[in-house]
There are 2 protein chains.
Amino acid sequence: MTDTLARRIDGKAFAAGLRARLAAEIPSLGFQPGLAVVLVGEDPASQVYVRNKAQQTVEVGMRSFEHKLPAETTEAEVLALVATLNADPAVDGILVQLPLPKHIDADKVLLTIDPAKDVDGFHPVNAGRLATGANALVPCTPLGCLMLLQDLHGSLAGMEAVIVGRSNIVGKPMAQLLLKADCTVTIAHSRSRDLPALCRRADILVAAVGRPEMIRGDWIKPGATVIDVGINRLPPDASGKSRLVGDVAFAEAETVAGAITPVPGGVGPMTIACLLHNTVTAAKARRGV
Amino acid sequence: MTDTLARRIDGKAFAAGLRARLAAEIPSLGFQPGLAVVLVGEDPASQVYVRNKAQQTVEVGMRSFEHKLPAETTEAEVLALVATLNADPAVDGILVQLPLPKHIDADKVLLTIDPAKDVDGFHPVNAGRLATGANALVPCTPLGCLMLLQDLHGSLAGMEAVIVGRSNIVGKPMAQLLLKADCTVTIAHSRSRDLPALCRRADILVAAVGRPEMIRGDWIKPGATVIDVGINRLPPDASGKSRLVGDVAFAEAETVAGAITPVPGGVGPMTIACLLHNTVTAAKARRGV
């Protein structure tokens, strides 16, 4: 424990800055990048995400193509739409909002997206490019975490990074990005022994497990940078209010860490900003810019 | 240091057993898998490798197709040959022996190989499938290391694995395989701080750096399993003899480790055996077996 509280890493402000830089760059490109979002069904959370994505896409000066399909849409219809978007020169990025209804094979849909338009970075071709050090479209959340870390530290070379969680969407691509940034990288997970001791090794601790406040203050090395990817809604308390917490026990952690992302307002806002960033990257790459 | 020396992991014997199992399986498949090897130029070491691969391919009962091209072969000619092999139904695996002459872009050639026939596991599609937990053709050397480890330990779940080296051919796919096997995985490399201390954490230490005897005995946790991927030829000594050593100082390490692969005779023989294994895997997958 230290006398001062950890610096709060302001992802909301960084994301706004990233969007502003994109908005400033786009008019000079000579073309208008376009992002297509496909939403199948009526999931309320997904509808909010898709609305926010479309709004921010337009705000930075890109074209937004929304495709809202009813829940009973067949897999063949979704695959046909993706094929159309793959062929559409106005579309630089394609995002299929997950989860899809159960009768649609999400893996099959994601594999159908042209890797050059795969702005979520979920296609195995992009995972493979990332894993082999080639140019890739990188999953948005870990890319956002990397940007926050590099903004804070500059070079990360030689730092010891511990990632808790090994999902394809966050943990594994985060490991690749931190390895490329010359960190010593450890991936820990549910089968790891003595997780507190593993976490205490970290100069950079990335929590991506989806378990509310699992990582306690005494798991953190004094002065470490803590990136909390978790967004967990707690059940309502006695007053009927529910609140969002991360995978890290924030109040404990901020007395030990050197810097920490809050929840909300830390990693969360970076995800859509990085989606827009990826769409511009894809648009330039497709045109050989 | 312990009173007894480490158990020597006999990769030569394990590889012979693996080849025998393949030889026993192949006649029951109903088809004869085929492996095509492309060698461009006269590199003496490559010629030895290719001869050994062809010989072992035939010995287990598969067809071997050798394509030896002169050093002045153009890139276009190599790409055309790969396209022919991609289309040839008798060819289940394609291996282009590296290094290629400087005027040929090796990445371009490897990207041209049908991922379903990429028995070296170097294509980004296979790297991406491995990285996302899908079925993949896995690079032969790390696959061989995993087989030796699982033969020795059974389940590796919860063990702490440290990999020294982050190449696309060994270190990175090794990390993916050990993560899939539920190890806690750390990747260390030239920019890592205090490598001896990092190595001393390892229940499983994989050395893949290509530096003779870099890893000393006192870097090893007593009882750990040490997998030495390095094959380094030392300069001739006073008597004019040169000898092969690994990345681990074997004489020191075997007084501390619980088990260790010797060099030669450890990991080395596993590579071709796993190439044959991958060819059978690819042949079955292509036919939906």
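Where is A:Glu213 in chain A? The place of A:Glu213 is the loop between strand 7 and strand 8 (225-228) of chain A. Helices and strands here are DSSP runs, numbered from the N terminus: helices are H or I with at least four residues, strands are E with at least two. A:Glu213 is not a glycine, yet its phi is positive, about 55°. Most residues other than glycine have a negative phi, and most peptide bonds are trans.

Some ground rules. This is a predicted model: local features need pLDDT of at least 70, side-chain atom pairs count only at pLDDT 80 or more, and totals for chains, interfaces and linings use all residues. Residues are numbered from 1 along each chain as its sequence is written, chains are lettered from A and ligands numbered from 1 in the order in which they are written, and side-chain values use heavy atoms, with hydrogens and water left out.

Next, the peptide bonds. The bond from A:Val263 to A:Pro264 is cis, with omega near 0°. A:Pro264 lies in the loop between strand 11 (259-260) and helix 10 of chain A. Chain B has a cis peptide bond joining B:Val263 and B:Pro264, with omega about 0°. B:Pro264 sits in the loop between strand 11 (259-260) and helix 10 (268-286) of chain B.

Two strands pair if DSSP finds at least two bridges between them. Strand 6 (residues 184-188) of chain A meets strand 6 (residues 184-188) of chain B in the antiparallel sense, over 3 bridges. There, A:Ile187 stands opposite B:Val185. Contact means heavy atoms within 4.5 Å. Axes are lines fitted to C-alpha atoms, for helices over the stretch in contact, and angles run from 0 to 180 degrees between N-to-C directions.

On to the helix pair. Helix 5 (residues 124-131) of chain A packs against helix 5 (residues 124-131) of chain B at about 95°, with axes 7 Å apart. The two are therefore roughly perpendicular, a label for angles of 65 to 115 degrees; under 35 is roughly parallel, over 145 roughly antiparallel, and the rest oblique. Residues in the contact include A:Pro124, A:Val125, B:Pro124 and B:Val125.

Last, the parallel sheet of chain A. This open sheet has 3 strands in the order 3-2-4. Its edges are strand 3 (63-69) and strand 4 (93-96), each pairing on one side only. Neighbouring strands are turned by 15° against each other on average, direction ignored. Strand 2 (residues 34-40) of chain A joins strand 4 of chain A over 4 bridges, in the parallel sense. In strand 4 of chain A, A:Leu95 is the bridge partner of A:Val37. Helix 10 (residues 268-286) of chain A packs on the sheet, touching strand 2 and strand 4 of chain A.
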